[in-house]
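Work through the exercises below with the sequence and the coordinates at hand. Each task is followed by a solution in steps.

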Amino acid sequence: MKKIYNQKQLSACLILVSTLFLAVTSSAQMVTIPIETKHNALVLQTDKDKNLKMVYFGARLSDPAEYSRIPKMYSQSNDSGVLDDAYTPSGSANLAEPAITVTHADGNKSLNLVYVSHTITKIDDNISQLTVILKDPVYDFEVKLFYKTYYKEDVTEQWSVIRHGEKGEVILNKFASANLYLKGNGFWLKQYHGNWASEMQPEEARLTHGIKTIDSKLGTRANLYEPSMFMVSMDKAAGEDEGKVLFGAMEWSGNFKIDLELDPANNLRLIAGMNNAASEYHLKPNEDFTTPAFLYTYSEHGKGNASRQLQSWARKYKIVNGEGPRYTLLNNWESTYFDFNEDKLAELLKDTKKLGVDLFLLDDGWFGNKYPRNSDNAGLGDWQENRQKLPNGISSLIKEAKADGVKFGIWIEPEMVNPASNLYREHPDWVIKQPNRPEKYFRNQLVLDLSNPKVQDFVFNIVDSLFIKNPDLAYIKWDCNAVIYNAYSAYLKKNQSNLYIDYDRGLYKVLARIRVKYPKVPMMLCSGGGGRVDYGALQYFTEYWPSDNTEPLERIFMQWEYSYFFPAITSSNHVTDWGKQPIKFRVDVAMMGRMGFDIVVSKLSKQELDFCHEALKNYDELKDVIWHGDQYRLLSPWDNDAASLMYINSDHSKGVMFNYLVNNRYGAGTKLPIRLKGLDPEKTYQVKEINLSSGTNPAVNTETLTGNFLMTVGINPNVNEYHTSVVLELHAVK
Ligand code: DGJ
């Protein structure tokens, strides 16, 4: 698979373009290192004592020689002289929040890091990687800082590799991936919180002095209460199309910690990494400790532009098959829950065909015999087909699916175990739990210890044997419904505090093995909803499950917020029976991503089924634009009666605009035209309403208008109580 490189492959394909001191040097001692992307620059500079500072972050300058002159323009105080460190150590001169804290082999807790050298390598025409080596002058201790830049997308991935040659283990007490220093006339943080069925709730506020922390200590399903995605605006809260804004997120599915410290000089220190809570790491001599990447992009043209940068990057470089297609599907979770058998599934396979989607996805409940999975309190861990429900096994279902002309996918939750299972009885030492304390369950289950290589093999084999036995298996939904309580690993013995980190590394090892063997098979990253949506995991998946809450009004808000960080192609949007909205509204909302259904098809009226067929036909026409095009948010559901957003393809010839009523008060609706974005002003577009329910009049008559008109005046989708959702297709006609 093109996106995942191991270290060896990477070094083999790196082209070394410059080595020591090929940066701009402003004086004999000072080294200035500009890290540029198409529109932005981050500038590092050494001081007279060779401490590495971050002296600039913002729009790139036309003359790189001028970067070194930036610091002179600021007359802010920096009492301790370390506030702007590019990777702040602790225990020496620093009295602010550190990026790294260590306990040396001799018990000493001080660290100083000075610049030694740097290297810039060009990976290809678009990607470069800067490596800076910092060393402690007293201890044999080194930190390498990595900055991998994606030029066109204005995206940077930053991480660090820590290593020592001391006589014995060093304890890493803190180990950030990145440490940024931002300047601005005030900073505004947009962050997210949530819970099951209420993911991605935004909050935005001005940062005050002191430290604001966004973190997770949940172990697995780490984003349940707070994801690591956030935005920081400078000078004022950025809007959709104006303002300076940095988007950041950890590429890590375990515990994370992001500290935003408004320092005494009124600058913002941003320190992001794995959470060090209960996680001091024991590092042997001459071993690399590699932190996950902190991902960021910056825009001086608002949140919309920043999100499009990130979306393009994700499609091109991160997610599996981001530029490829996806399946539409029918899932059986909400139509059967655990209650199904072969006959029922045979009908659902026929329904899949009748509905006209590509794939049938068999959800939870198909496994376990001694402890059958008939509810969520038994069976997890015993991945054999339940003989009563499926006497002829999965393979016969896949055969039947093939005969019906549809593909077949399956649900698994391989990291978990129910105490009521053979697995739990056979391998109690594979389960994360305290030896001397009562067990504490989350959804009646416990988490398997993925720090243990035997457990990694077990989890890999669940997936591998499904594919070996069923080569036509076409899709996996990978669920994860529990957090880690009572964190204790029988495998790690004395190194218990390595567990949270080694768990996630173990998970990635398994996923990487799966991707080596099955590079393109679509896999949905599900975690009881959006408990695990991050690019650390998404590099192994094609899509994620935003929330179990599929009530379409709720989904408009959630999908809106997720879309700042993740492209539509990754958003699994299923039409379900949640809420009271008509089928048209539900389908229209699900169309803004990878569309699926989780409904009882046989309960649809003829009219509803006809509508679904028509909408699927339209989706087929437009899915390429939705999945791979540029997305523009036009009208926010948070401040208006309606939400409106659009997608446009790369040559601006084809687009789609989605409009939804989000307020049920009397007279609510769109009174003004909504200005479109991203069109070609010179082109003329036919604007036509699609997804019309039979028997209803269109809200908008077909119009032919120039891109200039549509972006200057706009169009009124006439969303109101009679037309609660209006989908407009745009085609360039000249
Ligand atoms: C939680 C998921 O979010 C649901 O879609 C479903 O797969 C259930 N788990 C099954 O237990």
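A polar contact is a pair of N or O atoms within 3.5 Å; within protein, one atom must be able to donate a hydrogen and the other to accept it. The model used here is a predicted one.

**Exercise 1. Ser421**

Task: Find where Ser421 sits in the chain, decide whether Ser421 is buried or exposed, and state which backbone atom its side chain reaches.

Solution. 
- Step 1. Ser421 belongs to the loop that runs between strand E25 (416-417) and helix H6 (422-426).
- Step 2. The relative accessibility of Ser421 is 0%. Buried means under 20%, so Ser421 counts as buried.
- Step 3. From the side chain of Ser421 to the backbone nitrogen of Tyr424 the distance is 3.0 Å. The cut-off for a polar contact is 3.5 Å.
- Step 4. With neighbours within four places in sequence left aside, Ser421 is in contact with Tyr371, Gly379, Leu380 and Asp382.

**Exercise 2. Helices H4 and H5**

Task: Describe how H4 and H5 are arranged, and list the residues through which H4 and H5 meet.

Solution. 
- Step 1. Two packed helices are described by the angle between their axes and the distance between the axes.
- Step 2. For H4 (residues 342-355) and H5 (residues 393-404), the axes come within 9 Å and the crossing is at roughly 30 degrees.
- Step 3. Angles under 35 degrees count as roughly parallel; H4 and H5 are therefore roughly parallel to each other.
- Step 4. The handedness of the H4 and H5 crossing is right-handed.
- Step 5. On the H4 side the contact residues are Glu342, Leu345, Ala346, Leu349, Lys350 and Lys353, and on the H5 side they are Gly393, Ser396, Leu397, Glu400, Ala401 and Asp404. Sorted by class, the contact of H4 with H5 has 5 nonpolar, 2 polar and 5 charged residues.

**Exercise 3. Helices H10 and H11**

Solution. 
- Step 1. The crossing of H10 and H11 is left-handed.
- Step 2. Pro552, Leu553, Arg555, Ile556 and Gln559 of H10 meet Phe585, Arg586 and Val589 of H11.

**Exercise 4. Leu622**

Task: Which helix holds Leu622, and what is Leu622 in contact with?

Solution. 
- Step 1. Leu622 is part of helix H12 (residues 606-628).
- Step 2. Its relative accessible area is 0%, so Leu622 is buried.
- Step 3. Met591 is 31 residues apart from Leu622 along the chain, and their C-alpha atoms are separated by 9.4 Å.
- Step 4. Neighbours within four places in sequence aside, the contacts of Leu622 are Lys654, Gly655, Val656, Ile690 and Glu729.

Note on methods
Residues numbered from 1 in each chain as written. Predicted model: local features only at pLDDT ≥ 70, side-chain atom pairs only at ≥ 80, totals over all residues. Heavy atoms only, no water. Axes fitted to C-alpha atoms, helices over the stretch in contact; angles between N-to-C directions. Helix = DSSP H or I, 4+ residues; strand = E, 2+ residues; numbered from the N terminus. Parallel < 35°, antiparallel > 145°, perpendicular 65-115°, else oblique. Left-handed = near helix turned anticlockwise from the far one by under 90°. Contact = heavy atoms within 4.5 Å. Nonpolar A, V, L, I, M, F, W, Y, C, P; charged D, E, K, R; others polar. Buried < 20%, exposed > 50% of the residue type's maximum accessible area, 1.4 Å probe, protein only.
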